[in-house]
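Reader: I'm new to this one. Please walk me through it, in short steps.

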Amino acid sequence: MFSALLFYISVSTMAFKLPALPYGMRELIPHISEETLSFHYGKHHAGYVNKLNSLIKGTPMESCTIEELILGQTGAVFNNAAQIWNHTFYWNSMGPNCGGEPTGPIRKKIEEKFGSFSAFKTDFSNLLAGHFGSGWGWLVLKDDGTADIVQTHDAGSPLKENLGRPLLCCDVWEHAYYIDYKNDRLSYINSWWNLVNWDFANKNLEAPFKWS
């Protein structure tokens, strides 16, 4: 399908780099427009990278990984590091020629927890539609091996909050959908299902998640 980015950011000797999108700027149309991606990826995501680099320049944190900054820092450093990580994971949770019902091990996990994909989809959509303010919705694998739906606020990270291993995520910050859907978050969420990259979810399910 396409070569998904790993869900961590590599570090150069000087600064963090904005990862390339795993698809073209027009490949998510009609669900997400080129204009939205140009602002969301090209301005917001890039802005977090630039801000983090300015915050850690000349400090011992320059030698840290993104995951180390997420787990070990608070305030502006945490916020920008987490938003870099969250956005990279979000881009890879979607793709052209994706969507539809899950296949493989992730489908079994979903059905074991929620009874059916339809029930999971309804629960996930309703939770995110009702999420107050900005944040993220996540499908995670809990420590007991079951799947679950969790939400984080603002730059909140499942890594920091020990909510489970992220498998998929959906961004519900307004900048993710306002150009295309205005204030109709539910329409954005319903459209997002046409982009869900179940192959990425299966990779995250099958491989031990490491952030150190």
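**Starting from one histidine**

Author: Let's start with H87, which is buried, at 0% relative accessible area. Buried stands for under 20%, exposed for over 50%, and partly exposed for what falls in between, using a 1.4 Å probe and protein chains only.

Reader: What sort of model is this, and how are residues numbered?

Author: This is a predicted model, with numbering from 1 along each chain as its sequence is written, and local features need pLDDT of at least 70. Side-chain atom pairs count only at pLDDT 80 or more, while totals for chains, interfaces and linings use all residues, and side-chain values use heavy atoms, without hydrogens or water.

Reader: Which helix holds H87?

Author: H87 sits in helix α3, residues 75-92. Helices here are DSSP runs of H or I with at least four residues, strands are runs of E with at least two, and numbering goes from the N terminus.

Reader: What does H87 touch?

Author: Setting aside residues up to four places away in sequence, H87 touches H40, H45, Y48, W136, D171 and H175. Contact means heavy atoms within 4.5 Å.

Reader: Which residues does the "binding site" annotation cover?

Author: The UniProt record, an unreviewed entry, gives H40, H87, D171 and H175 as "binding site". These four span 136 residues in sequence, yet no two of their C-alpha atoms are more than 11.9 Å apart, so they gather at one spot. A caution on the record: UniProt positions follow the numbering used here, feature names are shortened, and annotations may be inferred rather than shown by experiment.

Reader: Take D171. Is that one buried or exposed?

Author: D171 is buried, with a relative accessible area of 0%. D171 belongs to strand β3, residues 165-171.

Reader: Which residues is D171 in contact with?

Author: Beyond its neighbours within four places in sequence, D171 contacts H40, H87, Y90, G135, W136, A176 and Y188. The side chains of D171 and H40 also make a polar contact of 3.0 Å. A polar contact is a pair of N or O atoms within 3.5 Å; within protein, one must be able to donate a hydrogen and the other to accept it, and residues adjacent in sequence count only if both atoms are side-chain atoms.

Reader: New topic. What domains is the protein divided into?

Author: Domain 1 runs 34-93 and domain 2 runs 104-206. Those bounds come from an automatic or database domain assignment. UniProt, again in an unreviewed entry, lists residues 102-204 as "domain: Manganese/iron superoxide dismutase C-terminal". That span is 45% helix and 20% strand, and its end C-alpha atoms lie 14 Å apart.

Reader: How many residues of domain 1 and domain 2 are in contact?

Author: 23 residues of domain 1 are in contact with 26 residues of domain 2. Between them the two domains bury about 1,900 Å², 65% of it on carbon and sulfur atoms. F89, Y90 and S93 supply 31% of the area that domain 1 buries against domain 2, more than any other three residues. Buried area is the accessible area (1.4 Å probe) that two parts lose on being put together, summed over both.

Reader: How many salt bridges are there between domain 1 and domain 2?

Author: The count is 0 salt bridges between domain 1 and domain 2. A salt bridge needs a side-chain nitrogen of Lys or Arg within 4 Å of a carboxyl oxygen of Asp or Glu. Polar contacts do occur there: 13 residue pairs, both at pLDDT 80 or more, join domain 1 and domain 2.

Reader: Which helix gives the most to the side of domain 1 that touches domain 2?

Author: α1 (34-56), α2 (66-72) and α3 each supply at least two residues of that side. α3 gives the most, with 10 residues.

Reader: How many salt bridges does the structure hold?

Author: The structure holds 3 salt bridges. Side chains of opposite charge can pair when their charged atoms come close. E34 pairs with R26, with the closest N and O atoms 3.2 Å apart. R26 is exposed at 55%, and E34 is partly exposed at 34%.

Reader: Which residues are linked in a network?

Author: E101, R107 and E111 are linked by salt bridges. E101 meets R107 at 2.9 Å, N to O, and R107 meets E111 at 2.9 Å, N to O. R107 and E111 are 4 residues apart in helix α4 (residues 105-114), so about one helical turn separates them.
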